[in-house]
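Here is a short briefing to read alongside the model.

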Amino acid sequence: MKTRIAMRCVAALVVLIALPAVLSSYQVGLLTKMLIFGIFAMSLDLLLGYAGLPSLGHAAYFGVAAYTVGLLSLRVANNFWLDFPAGLAVATGVSALFGLFALRARGSYFLMITLALGQVLWGIAFGWRSLTGGDDGLPSVPRPRLPLPWPLTDGGPFYYFVLAFFVISILALSVIVRSPFGRALVGIRESERRMEVLGYDVWRYKYVAFVLAGLFAGVAGNLFVYFNGFVSPSYLNIVFSAAALLMVILGGAGTLVGPALGAAVIVFLENMISAYMERWVLVLGVIYVLVTLFAPSGLVGLVRQRLGSHPA
Amino acid sequence: MMALQVEQLSHSFGGLLALSDVNLAVAPGERLAIIGPNGAGKTTLFNIVTGIFRPSAGRIRLLGQDVTRLPPHRRAQLGLARTFQITTLFPRLTVLDSVLLAEWGLADRCHAVTGRLSYGEQRQVELILALAGAPKVLLLDEPTAGLSPAETASVAEMIRRFSRDTTILLIEHDMDVALELVDRVTVLFQGRVLAEGSKEKIRSDPEVAAIYLGTDDA
């Protein structure tokens, strides 16, 4: 069983490495975006799927990392070794701060506080024009310059650069969710009170999960601003947070791979549909309804049902 | 040193006085039943002892240490465990601890998702889970509630097999089950300790009989 899973992972990696050879440069760009949003969705899965914390403000950490890297590389220095860690530090710091407030609440109240906190950052990015460019966002963010034989300004090398972060993130998150810490999170998701009387400091576990989720969302935000060369307040707001939730639910919460798949599907659909119509958010809503009606445990759940294997 | 001491404990929910000046002391290794009709305050008492509620007044000592202000997980780390009246197992997890389970004859079910076990089996898993941390003081909240007579017998047998190193407080609705499992009984009625003492004493207490038979104002 274990070797079979390992084989599948290696096969998936080989496909991801080989794909650029057969894709157009436009499609490679789309695939890069899928991987970045995949990291973002997996970071939210740690909260929603494992700890059972439905955050509707997860864009905050993605966006704040993207703005940090964008501002530093434009106004201070385009130095990867300064900008990238700074983006992660700010995302982690903001989630460490927000977690103190959000984790005072549970269930839908948690959802509303995370939403409100996220919207505060959106408001700042929108209103503080002199720093953030307001509604216009930050244009022309440069790609990092690294001592590599291939420049990251090219789509191909940048894809492999992102793929490396994707692989590191999925491995790190897999280790986390399989660790005693991850098992405890699942216990908290299933029955918080019982974990308490079994001797677990439930608040601390949830807080660490919250901060870790912020850190990985920061990885995604950093990569995105390099990829896109542009960041605007819309990457901080509720629509983006809701899209991330949908990626997790569509793929299958609590599976890591599922949310990455969900992200790929959403990115693909957005790309397809935006070409024909303006009402992308409406489409997101319809997808949400369809998923909850017909595939409540997501795409991974559907596949497992077909294969007849029991849930993990 | 007492395993558990409850001193002058009172608790009210808004204007409702759920517990009023309750005193209890349980010696190490002792088995005490807390009985009483619905609404007597039994589960509230457990929730205060485990730290889920903060009492309005009074103290809780666990193994000599004042734990009144400690959060639930700190009390658990000191050796306090409990089961719940409403089964709160992890419905989507499997019965993991097969080594421990083998000892209790549930080995063949160790990979079953607990939500799919029968109610009686879930109760047994719940007891095993509570024992897993080798607690010094174990609170059992109506372990046989809602079980068939056969299931009740097997759960009672399981409790009887528990080590005497574990001090047990048992809430029971069913006086026959309770009296069979314990050394001593405390009767709660309307938030107060109505009677306490040996099984024989409680069995022959006319006030207790009146509560249970409902003859007090007849």
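With 32 C-beta neighbours inside 10 Å, A:Ala91 counts as buried; a residue is buried if 20 or more other C-beta atoms lie within 10 Å of its own, exposed if 12 or fewer, and partly exposed in between, with C-beta atoms placed from the backbone. Please keep in mind that this is a predicted model, in which local features need pLDDT of at least 70 and side-chain atom pairs count only at pLDDT 80 or more, while totals for chains, interfaces and linings use all residues. Residues are numbered from 1 along each chain as its sequence is written, and chains are lettered from A and ligands numbered from 1 in the order in which they are written.

**Around A:Ala91**

- You will find A:Ala91 in helix 4 (residues 80-102) of chain A; helices (H or I, at least four residues) and strands (E, at least two) are DSSP runs, numbered from the N terminus.
- Not counting residues up to four places away in sequence, A:Ala91 touches A:Tyr61, A:Val64, A:Ala65, A:Gly214, A:Leu215, A:Ala217, A:Gly218 and A:Gly221, where contact is defined by C-beta atoms, placed from the backbone, that lie within 7 Å.
- Although A:Ala91 and A:Gly214 are 123 residues apart in sequence, their C-alpha atoms are 5.8 Å apart.

**The nonpolar core**

- The largest nonpolar core has 146 residues; such a core is a set of buried Ala, Val, Leu, Ile, Met, Phe, Trp, Tyr and Cys residues joined through C-beta atoms within 7 Å.
- A:Phe40 and A:Ala220 have the most contacts inside this core.
- Leaving aside neighbours within four places in sequence, A:Phe40 is in contact with A:Phe62, A:Ala217, A:Ala220, A:Ala244 and A:Ala263.

**Helix 2 against helix 7 in chain A**

- The axes of helix 2 (residues 25-51) and helix 7 (residues 155-178) of chain A come within 9 Å and cross at roughly 15 degrees; axes are lines fitted to C-alpha atoms, for helices over the stretch in contact, and angles run from 0 to 180 degrees between N-to-C directions.
- Helix 2 of chain A is therefore roughly parallel to helix 7 of chain A, a label for angles under 35 degrees, with over 145 being roughly antiparallel, 65 to 115 roughly perpendicular and the rest oblique.
- By class, the contact of helix 2 with helix 7 of chain A has 17 nonpolar, seven polar and no charged residues; Ala, Val, Leu, Ile, Met, Phe, Trp, Tyr, Cys and Pro count as nonpolar, Asp, Glu, Lys and Arg as charged, and the others, Gly among them, as polar.

**Chain B and its contact with chain A**

- Chain B has eight helices and ten strands, and 37% of its 218 residues count as buried.
- The contact between the chains takes 14 residues from chain B and twelve residues from chain A.
- Helix 2 (72-77) and strand 6 (80-82) of chain B each supply at least two residues of the side that touches chain A, and helix 2 of chain B gives the most, with four residues.

**Two leucines with positive phi**

- Most residues other than glycine have a negative phi.
- A:Leu256 has a positive phi, near 60 degrees; A:Leu256 is placed in the loop between helix 11 (238-251) and helix 12 (257-274) of chain A and is buried, with 25 other C-beta atoms within 10 Å.
- B:Leu63 has a positive phi, near 50 degrees; B:Leu63 lies in the loop between strand 4 (57-62) and strand 5 (65-66) of chain B and is partly exposed, with 17 other C-beta atoms within 10 Å.

How values were computed: Two residues are in contact if their C-beta atoms, placed from the backbone, lie within 7 Å.
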